[in-house]
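The sequence and the model are shown below.

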Amino acid sequence: MTSTASPGAGALAGIRVVELGQYISGPFAAKLLADLGADVVKVESPEGDPMRRWEGRATMSPQFAAYNRGKRGVVLDLKSAEGLAALFGLVDDADIVLDNFRPGVADRLGFGPDALHARNPRVITCSITGFGPTGPAAKRPAYDTVISATGGMYSQVVPASTIRPLGPAFSDLLSGMSAVQAVLAALHARDVSGVGEHVEVTMVGALLDFLTESASAFLETGQVSSPDSRPRRAQAYACRGSDDKAFVIHMSVPEKFWTGLLDVLERPDLADDPRFSTREGRVRNYDELDVVLKEIAATRPRQYWLDRLAAHDIPHGPLNTMGELFDDPQIASMGLVEEIEGPDGALRVPVPSIRFQRSGRPELRYAPALGADTEALTGLRAGSEPAEPEPVPAKEGAA
């Protein structure tokens with residue numbers, strides 16, 4: 001599969017980003033900016049981002065490669081005078097500095113927002129933390145499991161009877177996206193004011209932004225949402241065909257989808273069932289209708305139902321596993337996968353989904369080897385700094 005995106009410098013060509021990030025949230029935000037054409041310089045300690053060594057890899061895990069493609073990499077000991085001076089040199093030419101340290105770490109080590117703005121008044125600094133700089137939990141390690149549980153996400157996706165953490169890393173990824181939104185807005189504000197500013201993004205706040213429907217429902221009415229609250233309101237169902245392959249149906253509000261579904265199922269009698277004859281009844285009796293639909297779906301293979309649902313214009317789709325996703329005819333037609341050259345040959349990777357007609361996007365590049373660009377960007381020889389422990393980050397999201 002090859003991407004259909006037009007080549008180009010990218011909409012953020014000419015923007016320099018210095019990333020002081022580890023694990024997920026900061027690196028993911030910087031990766032998104034790199035995908036848009038920004039020149040991203042990832043600063044690592046002599047030991048490197050711990051994610052490099054996940055799964056026992058000596059130099060680069062698949063997870064690190066995923067969150068750090070398209071960047072240049074330098075190694076600096078930020079606890080040394082030499083390393084701090086080199087960082088300030090990078091900041092002098094930067095437009096954005098991203099970090100996901102715990103609150104107070106950057107200030108304590110001498111490169112907090114005030115210090116960076118004193119060097120470069122136009123720079124935009126952005127800190128991603130778990131809970132923000134104040135409050136009883138502010139200084140705690142903010143790993144995604146903790147934030148996704150505390151911030152209400154798990155209560156919306158994990159049934160109460162299950163009680164277990166669930167992937168992906170919701171709060172890391174959502175706070176990374178929020179950080180990108182924030183710094184792009186700050187770039188626009190700088191065009192007006194001429195000066196940069198400090199932006200704070202919290203992982204728990206990003207979750208609440210994402211869960212705005214459930215949060216607002218509680219704040220306004222006291223209604224506590226659960227994992228099936230929205231499927232019930234949206235009249236969304238998941239079924240398995242006789243071949244054990246799953247698919248979904250989403251009827252929403254229009255009555256035509258319900259009547260069309262009855263034609264698909266060849267069950268016109270359900271229209272007269274008092275439990276299901278109105279949308280309000282179907283919402284109220286969601287569990288009963290779910291059982292009926294599952295029983296009918298189990299009589300034919302999935303493709304049989306997909307074909308009939310398509311013929312009747314009912315919102316539907318296969319419930320793809322990751323193993324099935326890239327063979328889906330629609331996904332395969334969209335150019336969402338591309339080959340890039342890695343240290344061990346060509347690799348297939350997902351590409352940015354956003355298309356710019358005029359700006360295009362830069363050619364995708366593999367994540368940098370540890371310290372690959374240290375000498376070129378700082379004048380220091382990689383490995384020359386003393387290998388002292390790096391600053392402790394808030395976590396996978398906020399180190």
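Is Gly 110 buried, partly exposed or exposed? With a relative accessible area of 28%, Gly 110 is partly exposed; buried means under 20% relative accessible area, exposed over 50%, and partly exposed in between, with a 1.4 Å probe and protein chains only.

## Basis of the model

The model is predicted: local features need pLDDT of at least 70 and side-chain atom pairs count only at pLDDT 80 or more, whereas totals for chains, interfaces and linings use all residues. Residues are numbered from 1 along each chain as its sequence is written, and side-chain values use heavy atoms, with hydrogens and water left out.

## Overall architecture

The chain has 18 helices and eleven strands. These elements are DSSP runs numbered from the N terminus, helices being H or I with at least four residues and strands E with at least two. Along the principal axes, the C-alpha atoms occupy a box of roughly 80 × 50 × 45 Å. One separation within the chain is that of Pro 62 and Asp 272, whose C-alpha atoms are 54 Å apart and which lie 210 residues apart along the chain. Pro 62 belongs to helix α2 and is partly exposed, at 41% relative accessibility.

Of the 399 residues, 49% count as buried. The accessible surface comes to about 19,300 Å², of which 55% belongs to carbon and sulfur atoms; such areas come from the Shrake-Rupley method with a 1.4 Å probe, and for residues only the protein chains shown count as cover. Among contacts (heavy atoms within 4.5 Å) between residues at least 6 apart in sequence, 73% join residues at least 24 apart.

## The largest pocket

The largest pocket holds about 1,200 Å³ of space. On a 1 Å grid over the protein atoms alone, a pocket is an open set of points with protein on both sides within 12 Å along at least five of seven lines, while a cavity is a set where a 1.4 Å probe fits but cannot get out; lining residues have an atom within 4 Å of a point. Grid points are joined across faces, edges and corners, and a volume is the space filled by probe spheres set on the points.

The pocket is lined by 38 residues, and those closest to its centre are Lys 31, Ala 66, Arg 69, Pro 350 and Val 351. Two or more lining residues come from each of α1 (25-35), α2 (62-67), α8 (170-193), α16 (322-325), β10 (337-342) and β11 (345-350). The lining divides into 26 nonpolar, six polar and six charged residues; Ala, Val, Leu, Ile, Met, Phe, Trp, Tyr, Cys and Pro count as nonpolar, Asp, Glu, Lys and Arg as charged, and the others, Gly among them, as polar.

Ten of the eleven residues of α1 are buried, among them Pro 27 and Lys 31. The cover over these buried residues includes β1 (16-20), β2 (39-44), α2, β4, β5 and α8.

Asn 68, in the loop between α2 and β3 (72-75), is buried, with a relative accessible area of 0%. Its side chain makes a polar contact with the side chain of Lys 42 at 3.0 Å; a polar contact is a pair of N or O atoms within 3.5 Å, where within protein one must be able to donate a hydrogen and the other to accept it, and residues adjacent in sequence count only if both atoms are side-chain atoms. A polar atom of the Asn 68 side chain also lies 2.9 Å from the backbone oxygen of Phe 64. Leaving out residues up to four places away in sequence, Asn 68 touches Glu 19, Pro 27, Lys 31, Lys 42, Ala 367 and Pro 368.

Four cavities reach 30 Å³ or more. The second largest cavity contains about 60 Å³ of space, and its lining includes Phe 111, Gly 112 and Pro 113. β5 gives the most to this lining, with three residues.

Gly 110 lies in the loop between α4 (105-109) and α5. Beyond its neighbours within four places in sequence, Gly 110 contacts Leu 84, Phe 88 and Ala 115.

## Backbone features

Most residues other than glycine have a negative phi, and most peptide bonds are trans. The peptide bond from Gly 167 to Pro 168 is cis, with omega near -5°. Phi is positive at Gln 235, near 55°, and at Asp 244, near 70°. Gln 235 is buried, at 1% relative accessible area, whereas Asp 244 is exposed, at 53%.
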